[in-house]
Amino acid sequence: MALGAAAASAHAAAPGANLDLPAQSLSITLNQVARTGAAELIFDRAVTDGRRAPRLSGRFTTQQALAAALAGSGLTYRRTIDGAFVVSQAGPGPSAEQLAVDPGDGAVSELLVLGRRNLNTGIRRSRDDIQPYDVADSETLARSGAETLEDFMRARMPANAQAAANIQAPSANLASTRSQIDLLGLGGNQTLVLVDGRRLPSLPDGQGVLARFVQPDLNGLPLAAIDRVEVLTATAGAIYGPGATGGVVNVILKRDYNDQSVGLSQGLSARGDAPQTRFGGHLGVSSADGRSSLSLTLGLSRAEGLRFGDRDYVERGRTLRLGQGVQSVLDIPVGSDVNVYGFGAPLVLDAARGGQALGSTKTHFSAQGFTTAEVLANAGTLDLGLSGDAFGRRQSLLTDTQTASFILSGRHQFGAVEAFFDYLHVDDQGRAIAPAGEAMIGPIAGSSDNNPFEQTVVVVFPLGWEGPVLNRTLTRRGTAGLIARLSAGWMASADYSLSLSTLRLEDDRRQPNIYAGIVAALDMPLLYGTPAISPFWSGADFLKAYGSYRQPGGYLIKQQDRLQDFNLRASGPLLRLPGGPLTMTVLAEARTERAPLGARLGYSYLPDAFAHTLTPGLEQTNGSLYAEWRAPLVSAQAKGPWRGLEAQLSVRTDRYRLRVPQYLDEAIAELGVGVLKASDTVIATTLGFRSFLRPDLMLRASYADGFLPPTAEQINYRVINWSGRYFWAQDPKRGGADLGVDGNFDLIAGGSERLKAEKARTLAAGLVFTPQATPGLRLSIDYLRTDKSREVTTYASNDPGYFVAREALYPDRITRLPLTDADRALGYTGGVITKVDASALNVGRSVIESVDVSLDYRHELGGDAALRIYLRYTWQPSYRRRDDPAGAWYETAGYRDGPLAHRGNLGVEWTKGDLTLELNGQYYGRSKVARSGFAHLDSADLIAKQQSDTLPAQVYTDAMVNYVFGADGRTRLQLAVRDLLDARAPIDANSELGYSTYGDPRGRRFELTLARRF
């Protein structure tokens, strides 16, 4: 929701502001200049409080006002590459090269930089950093036309390999609206998401009987509240801790204490549907001396989704998928008519109905009821049209969404100590219409009196049953802390955060009980008082009888996750090096995350059986020590290839512990047969450098590693006592006899408490080119190689034969009785097996290679006109995976179950005065229809259904018009046209949705935004 941010941008573009400030304390004047100019001004009160500023009266830009206020004070200012103004003691000016590549804050937590007004606990990162960060600022977010942060990341950050948003599969995702960010295709659980450098509580996912920690939701954050987004597509465990094996996304929120703004956006598709509304407001106030500040940001949004019947994707997908015939019974669609499919020979009507042969295994008849004439006339076809209910036209194609958020922040300075608090509240809700009941009836035997055919058939009936699914996630985080100024330029802070995320999932679909399908298949009631059922009756009679088996209600799931996080950090300079100060940040952190008992209340598959089921909780604790150093070893004014040489070193140790209750029965999932534990101590490092081979060419390189602890599901296991002969495994030490022939044995299946954290290493190298001959041009090319080892694999899980055959490799996995004399007499070399541990292993490996290209060129056209061209492109030539250390490598890049090999984003922006026009194109490379070999599944059926082995490349174009008007330049009007050319997403026959989810089924859509800063 890019409203407040754009208003600030509009003001920044204004020629100046009127000031009438008396002669007063320099600190007060600087605060008022920053407030009027909406600028970030960094200064040390210990330096400014004792100085006076002259009277300022007239019209000033921020730079002019600072120059006038600082005149004669012995102080000066400079502007950093991130746009902040820094006031410092006057001295020799920086060189051109220093201004071109500002060292920033060094290894100093941004929270501890004097005068910074946000609460980011991390070090401020930039595109020219030692590691290859990509950074999107508030103006980029504002002008993108994106609806949510996930929308922006999918369209503008090509390193995000996410193929589909949750809202694009409403039924499958139970109306979830939470965001998913997947850097390089490693999975959302390996992309660490932070807000202001701090972790949010993970979200319960509402699926499965074990609580799971899944990626926090960012979709409820209004874009106008975001200052910038820092993205690193490299392993980052030494900086950010466990879980950042695929990279990190740090969202830094604005804490503007000198601004008031409001904005409204209205949107609609070109077809007149999918309306959306977003509203945002901000209020920031500060005391006259700047010692006390308060900031409040609000955001509200509502967007209607789509139904299957609003677009033709589902029907076109069905037509393509079934164009070569039915590959599986599961392919038979729910149409407006009743579809019938026979097994084996072509369908033949029974003698009572004429005995005619249909010459095909498929036909259909009206939902009003079976007639011989219809099934004969429709022989050889299925009804592929959408039914008028939630099995067809009324089913949600895009989830309806609604969000509400507010951010309250305050600061107060007590001498050398500053206290702060921050509260974040994000409410994200989704609603979807989903089908209820089982539309497929059967198989119904040919001998059944109610089956009009001689063959066994299945029948797919448009039931007309539906129900709303409501999914609500609520994330709340409260933080309070102190910042203290120490000696020798050091700063320290202590803060405590308490966060809570909750999930409430209401599924109001009333499903039939388990007996309905059995009764229909057997053509007889199983219980007294229940009717027989036949889909070949009249439609009204069938639905009435079938409806008598329908449950009285749906179900409700309630889960939560609680996170407590305590941090102590200090930052400052250690000594002076030739290129500047050696700076350091140190951190001690204690974090506990708990998912307490959840509940599932609702009806099971038994008749009228209401169940209150507990979902076991879990606990994860983490203790961390972290240090990072930035060392500018060589001056930027030096000669030779090592000019401006700067080194970075980070070291972090984490001690994690995971505790989960062992559960034995998925249907019961009661708490507590025992408690399973997994723990380890891991140490991660990051080492990198950058230097200038020449003044306009920077070389950077880095090494980083990190870890991913096992999940609750990965350590949970079962012990199965196998009684009798196990025909699928033989013991080579006992003459090849089947397991179990000499007695029972225990089989350990599933996860394992012995699993260690997965490890990842990233090597990165790149060049940043800012040619002096072409001012305004920046080009960077970075190569990254991430090697993951010790991946948790289950390819041999539950397979005792694998471990018995490889006992030499896994001796601790096999337990035997002692070898007896009788065994030796028979030539056996091993005793009777009493236990086989066939649980998960730490033996998988993945290697990911990628190349990131970033280009930005701004050319002044004369007067007040300028042209800007920008490019973001990610080439992922390889993502190789192996689950068996002795097995083959499988390439997944470009396959259905892997990331795209090519994704890019190209834009051009023209500005003249207060008017800006922008075109942006998103490119998604072609992909294979088949799954990779790593999936260990046959893909011939996928290719047959698609009638092609590839999905074509896709290009979508957006256009934005931004105009700033009003005498004060504080009002902004923006028109965004997404998918300007109304490009249709390719048909994906293997998707229930019918289209490639890299596209948006809404097609061309418009959004008008009006924003005002006061």
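## A four-stranded open sheet

In this predicted model, four strands line up as E18-E17-E23-E22. The sheet they form is open, and its pairing is antiparallel. Strand E18 (362-365) and strand E22 (440-444) sit at the edges, each pairing on one side only. On average, neighbouring strands here are turned by 20° against each other, direction ignored. Strands of a sheet pair through backbone hydrogen bonds, either parallel or antiparallel.

Take one pair. Strand E17 covers residues 338-342 and joins E18 through four bridges, in the antiparallel sense. Within this pairing, Tyr-341 stands opposite Lys-362 in E18.

## Gln-215: a loop residue

Gln-215 belongs to the loop between strand E10 (198-199) and strand E11 (226-232). Is this residue buried or exposed? Its relative accessibility is 7%, so Gln-215 counts as buried.

The side chain of Gln-215 has polar atoms close to backbone atoms. One lies 2.9 Å from the backbone nitrogen of Ile-181. The backbone oxygen of Thr-191 is 3.2 Å from a polar atom of the Gln-215 side chain. Beyond four places in sequence, the contacts of Gln-215 include Arg-178, Ser-179, Gln-180, Gly-188, Val-193 and Leu-203.

## Leu-294: a strand residue

Leu-294 is part of strand E15 (residues 292-303). With 38% relative accessibility, Leu-294 counts as partly exposed.

Which residues does Leu-294 contact, leaving aside its neighbours within four places in sequence? They are Tyr-257, Leu-283, Gly-284, Val-285, Leu-408, Ser-409, Gly-410 and Phe-421. Gly-284 is 10 residues from Leu-294 along the chain, and their C-alpha atoms are separated by 5.7 Å.

Definitions and conventions:
Residues are numbered from 1 along each chain as its sequence is written. This is a predicted model: local features need pLDDT of at least 70, side-chain atom pairs count only at pLDDT 80 or more; totals for chains, interfaces and linings use all residues. Side-chain values use heavy atoms; hydrogens and water are left out. Helices (H or I, at least four residues) and strands (E, at least two) are DSSP runs, numbered from the N terminus. Buried means under 20% relative accessible area, exposed over 50%, partly exposed in between (1.4 Å probe, protein chains only). Contact means heavy atoms within 4.5 Å. Two strands pair if DSSP finds at least two bridges between them. Axes are lines fitted to C-alpha atoms, for helices over the stretch in contact, and angles run from 0 to 180 degrees between N-to-C directions. A polar contact is a pair of N or O atoms within 3.5 Å; within protein, one must be able to donate a hydrogen and the other to accept it, and residues adjacent in sequence count only if both atoms are side-chain atoms.
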